Every structure is written in structure tokens, then in C-alpha cells.
Amino acid sequence: MSPQRQFGRACALAAGLLLIAAGLGGAPAMADPAPGSLGALAAAKGKFFGSATDNPELSDAPYVQILTTEFGQITVGNTMKWQYTEPARGQFNYSQADTIVNLAQSNGQLVRGHTLVWHNQLPSWVNSVPNNELLGVMRNHITHEATHFRGKVIHWDVVNEAFEENGTRRQTVFQQKIGDSYIAEAFRAARAADPGAKLYYNDYNIEGINAKSDAVYNMVRSFLQQGIPIDGVGMQAHLILGQVPSSLQQNIQRFADLGLDVAITELDIRMNLPRDTAKDMQQADDYRRVVNACLAVTRCVGITVWDYTDKYSWIPSVFPGQGAALPYDENFNKKPAYHAIANALGATPDTTPPSTPGTPSASGITSSTASLMWTASTDNVGVAGYNIYRRQGTTDTLLTQSNANSTTLTGLTPNTQYQIVVRARDAANNLSATSGAVTFTTLPSAGGSCRVAYRASNWGGGGGFTAEVSITNTGPTAINGWSLVWTFGNGQRVSYMWNASYTQPAATVTATNASYNGSIGANGGTQSFGFNGTFSGGNPNPTAFALNGTNCTIA
Ligand code: G3I
């Protein structure tokens with residue numbers, strides 16, 4: 001056994017004692033996730049941290065590598081459901097579920113059984129069972145399946161999703177044909193078949209205090225009063241970014257106070273796609289809140305994510321346009337959410353900042369956009385993203401953030417100089433030193449609210465020319481005071497100008513209105529000026545004119 005493995009076993013042994021104290025006694029195998037993994041960190045706190053999985057993913061070797069080393073517990077995401085286990089009446093098939101259970105057991109991982117009675121993924125034959133036979137069919141199914149997995153499953157989701165949002169019973173085939181008592185009957189059958197497994201009622205949207213969780217609360221309390229065997233409540237926690245219920249901890253606590261265990265059974269936190277840095281940070285904070293709520297309640301025994309990588313999440317196919325709900329991205333990179341979970345579970349916080357990014361280079365500059373690229377930073381844990389700042393004097397103002405070592409700035413002001421610097425960030429929000437600065441000037445705006453007619457005639461004998469320039473205000477607003485800027489392309493010089501004054505430090509000329517022609521009326525008003533100039537060789541017309549910083553069309 002490698003030293004790492006020995007350390008893992010020692011941790012697991014210590015954790016096992018805590019697990020027993022936390023209501024996980026009778027577990028057939030103790031969690032043995034890799035040191036420093038989420039599973040190991042949670043075990044050190046007396047909880048499990050697990051992941052759901054499904055059979056098709058098990059042919060993905062990098063996926064399995066993480067699944068079996070990072071998590072202390074596995075939930076069978078699909079193939080313990082009725083559709084798979086009793087596809088025809090009385091014909092049972094556990095081959096796919098067995099594959100997952102065997103994998104978990106060979107890696108020392110706990111298994112949650114999901115689920116014995118659910119209205120979904122129910123083979124159609126169940127719907128045609130006569131009313132007076134369905135209770136027997138349900139008991140037989142539970143007995144058969146729970147017996148098959150006896151000693152291998154620590155928790156069973158005995159009944160799943162039996163309530164509507166308003167707290168009334170969902171009108172499933174079981175509810176309609178057996179009546180309210182079907183849930184209690186299901187728990188009795190499960191206890192008889194596997195007395196060692198903890199029996200859970202499991203549902204979604206019961207994480208906060210609301211009509212639905214009140215209904216579940218009232219049901220499980222009455223079960224306890226009547227001696228109906230129930231051990232725990234599973235809160236699925238399919239959550240939405242930024243919407244972790246504020247009453248989560250209080251809600252977990254009220255179930256715990258009844259003498260029940262609570263597990264967070266199907267955690268994911270979805271966002272509108274695409275991901276960006278701000279959403280990743282919010283998601284990390286959301287995961288942290290969920291983990292902290294569970295840690296704060298002794299009888300919250302563990303947390304399971306509903307698969308661990310965005311590659312295999314159920315979200316995008318059911319909520320089009322949403323996703324990125326899990327702690328690993330689709331390429332198995334750890335997201336900020338992963339680090340937030342690890343830190344909440346007590347991982348040593350990362351205080352090492354990323355290396356300094358390279359000085360950005362700017363390209364594709366328009367009047368309002370610019371593309372930036374820089375050499376990526378490195379980090380001991382991983383670069384989470386970059387902050388992009390505008391530097392003005394001694395002040396750096398955050399413009400945007402990027403997950404990659406490039407970005408496109410938008411919404412820039414035309415004809416304006418920008419100085420840009422970049423800092424890298426890791427998931428713990430350590431900021432690197434500041435990169436060197438890149439300076440660029442946006443183009444004058446292609447506003448189209450002015451038109452310029454430029455007519456030049458060369459003098460006979462060469463060297464001199466006269467130009468007449470007229471400016472038309474095509475916009476809806478009158479102009480009061482104007483400067484027209486253009487750049488000569490062949491070394492031309494203005495020698496004398498009338499009806500405007502001018503400066504020409506080099507190729508670029510700025511002509512400014514005289515005192516009497518500064519106003520140009522809206523919607524077609526015009527003003528003109530002219531000048532004499534010199535050239536040598538050719539005298540091409542300027543190709544762009546900007547009036548008060550706005551690019552004009554050329555007539
Ligand atoms: O296996 C077949 C495959 O052969 C076929 O080609 C394919 C075509 O659609 O379908 C596959 O079955 C899919 C199955 O997942 C396995 O991937 C089903 O269509 C699909 O409906 C099923 O979705 C599952 C869903 O429950 C059903 O309601 C999700 O994977 C599973 O993650 C999800 O899990 C539920 C929990 O059990 C209860 N809580 C909510 C949670 C999310 O909906």
C-alpha cells in the first residue's frame with residue numbers, strides 16, 4: 001500500500017468513527033477517497049461528499065479516475081430506477097446498477113440507493129396494474145430491489161418527489177390507486193427488506209422553508225409519531241445561481257430537530273450560459289453557502305452533487321440555454337465552485353497569487369472596440385481568470401474580466417486614448433502583480449451625422465493647390481462650434497486658410513470654425529472654408545474626415 005493510500009485509510013478510520021456518530025453507522029464500507037479530495041475533507045468533518053453517476057459515463061477513463069478518487073460516496077443516478085430494475089412485471093434486472101455498486105465498493109465508496117418509488121422513469125406496465133393489485137406490486141418491487149442490494153446501500157431514497165409545490169400530494173399512479181398511505185407502506189416494506197439501510201424521503205424545492213417543505217415536514221413528523229420507519233430527508237438542491245434559499249440551514253435544522261438525518265442529495269447550481277467570471281464567482285459563493293449550511297447541522301450527514309462535471313450534467317437537455325452547474329467543467333478542470341467547496345470543508349486556503357501576466361497587445365481597434373491578448377499566467381492551483389483595467393494616471397479602473405488570456409473590449413469612447421493593464425486571479429481571489437501597459441487610441445466614430453465635400457485643384461506649373469471644403473450637418477442636432485480633422489497622405493501642407501483657422505503639426509490638419517461660421521443647422525445645414533496648399537508628387541484627397549471627433553461620410 002502506498003504511503004498516500006495508508007494515509008487515506010487512516011483518515012477513513014478516523015472519519016468512520018465520526019460517520020457513526022453522524023448517523024452513518026452500519027455503512028458496509030468506509031469512504032477512502034484520496035487525501036485532500038472533497039471526499040477526504042468531508043470525512044474529516046464527519047460527513048460524506050459524493051457524486052451521482054450513470055452507466056454510459058463509465059467508459060470515459062478520465063471521468064472514472066476523478067469519480068473514484070475525489071468522492072467518498074456514489075449515487076446511482078438512473079439505473080436503480082424502476083424502469084431499469086423491473087422493466088416487465090416480475091422480471092428484475094440489476095446488471096447496470098450492480099456495475100456501479102461494484103465500482104463504488106472496490107473503491108471504498110458509500111452507495112446511496114436512488115430510488116425505489118417514483119412516478120418518473122416508471123415502466124408503462126405499472127400504470128395498468130389494477131387498483132387493488134398496485135400495493136402488492138409496489139411492495140414486491142421494493143422488497144426485491146432492497147433485498148438485492150442489502151448490505152451494499154447505506155441510504156435508500158424510498159419515495160421520491162411525492163409532493164406538488166403547494167404542498168398537496170402529487171397525483172401519481174401510486175397516490176391515485178393506493179391513496180395517501182402508499183408512502184408509509186413503501187417505508188415499511190423497505191425496512192423489512194433491508195433493516196440496515198437508512199430510509200429517506202427525497203424531493204426538490206424543499207431546501208428552504210416553504211409550502212412544499214412544510215408538507216414534507218408534517219408528513220415525516222407524523223411518521224415518527226406513528227412509528228413508521230423513516231430515518232432521513234433528502235433535499236435534492238437543484239438550485240439556480242444566486243438563489244440559495246436563505247432559510248436553508250434553518251430548514252435542515254428543523255428536520256434534524258425531529259430526530260431525522262438530512263442529506264443534500266442532488267446538488268447542482270445552474271446558470272444561464274455562457275459562463276463568465278462573475279457567474280463563476282457567484283456559483284462558488286452559492287456552493288460555499290450550501291456546504292456551510294450542512295456543516296452547521298450535526299445531523300446533515302453529507303452532500304452529493306448530481307454528477308460532478310458539466311460534461312455529464314442533466315441540466316442543458318432539460319433547461320435549454322442553462323448549464324455549467326457543477327464543480328468541474330466539461331474538460332474536468334476544477335471550477336471556482338470546486339475550490340469554494342474544498343475551502344468550506346477545511347482545505348488549507350491558497351494564498352499564493354498567480355504569476356504576472358504578459359503585457360497585452362492590442363489589435364482590431366475600431367471606434368468602440370479593441371482586441372487584447374497577453375501571455376497567460378501560471379498558478380500553483382490554477383488561474384481562474386483575468387481582470388482588465390483602464391489606467392488613468394495612478395488609478396486602475398476595472399473594465400471587464402475574462403476567463404482566457406484574451407478579451408475584446410467593447411463600449412469604448414471614439415477617438416480616445418486608452419492605457420490597459422491586466423492582473424490574473426485564482427479561485428481564492430489572489431491577484432497577481434500588474435502587467436505592463438498597452439496604449440492605443442480608438443478610431444473616430446463612424447457616426448454618419450456629417451458629410452464632407454473636399455474639392456482640390458492643382459495650380460498649373462505644379463507644387464500648389466487650392467481646396468474648397470464644405471461640411472454638411474446630416475444629424476438632427478445643430479452644431480455650435482466645430483473642428484474638422486483630416487490627415488494628408490502625401491506630405492501636403494496648408495499654407496493659407498480662409499473662413500477657418502488651422503493647425504498642422506505634421507500630416508494631420510485641424511481646421512476650426514471662424515467666429516462667424518461656427519453654427520451648422522440640423523438636418524442639412526452647411527458651412528464652407530477653403531485653403532491653399534503645397535504638395536510634391538501627387539496630391540491625393542484625404543480619405544477620412546472627423547467633425548468634433550465623429551467620422552463623416554465623404555461626398
Ligand atoms: O438510456 C437512454 C438512451 O439509451 C437513449 O438513447 C436516450 C435518448 O433520449 O435516453 C436515455 O435515457 C435517458 C436517461 O436519463 C439516461 O441518460 C432518458 O431519456 C432521460 O429522461 C433520463 O433523464 C434522467 C432524469 O432523471 C429522468 O427524469 C436524468 O439522467 C437524471 O439525472 C434525472 O435525475 C433526476 C433524479 O432521479 C430525481 N431528481 C431530479 C433529477 C434530475 O431530473
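I started with the domains: the centres of domain 2 and domain 3, taken over C-alpha atoms, are 37 Å apart. The bounds, from an automatic or database domain assignment, are 3–344 for domain 1, 361–441 for domain 2 and 450–554 for domain 3.

Ground rules, noted before going on. This is a predicted model, where local features need pLDDT of at least 70 and side-chain atom pairs count only at pLDDT 80 or more, while totals for chains, interfaces and linings use all residues. Residues are numbered from 1 along each chain as its sequence is written, and side-chain values use heavy atoms, with hydrogens and water left out.

**Overall form**

I counted 13 helices and 29 strands in the chain (DSSP runs numbered from the N terminus: helices are H or I with at least four residues, strands E with at least two). The radius of gyration is 35 Å, well over the 24 Å from the globule rule for 555 residues, so the chain is more spread out than a compact globule. For the record, that radius is taken over C-alpha atoms, and the rule is 2.2 Å times the number of residues to the power 0.38. Along the principal axes, the C-alpha atoms fill a box of roughly 110 × 55 × 40 Å.

**Ligand**

The His114 side chain has an N or O atom 2.7 Å from a ligand oxygen. Ligand nitrogen turns up 2.9 Å from a polar side-chain atom of Glu161, and 3.0 Å from an N or O atom in the Gln236 side chain. Alone, the ligand exposes 780 Å², of which the protein buries 49% (Shrake-Rupley, 1.4 Å probe).

**Two buried residues**

I looked up Asp261 in strand E8 (residues 261–272). Asp261 counts as buried at 1% relative accessibility (buried is under 20%, exposed over 50%, partly exposed in between; 1.4 Å probe, protein chains only). Its side chain makes a 2.9 Å polar contact with that of Arg299.

Leu372, in strand E12 (residues 370–373), is buried too, at 2%.

How values were computed. Polar contact = N/O pair within 3.5 Å; in protein donor to acceptor, adjacent residues only side chain to side chain.
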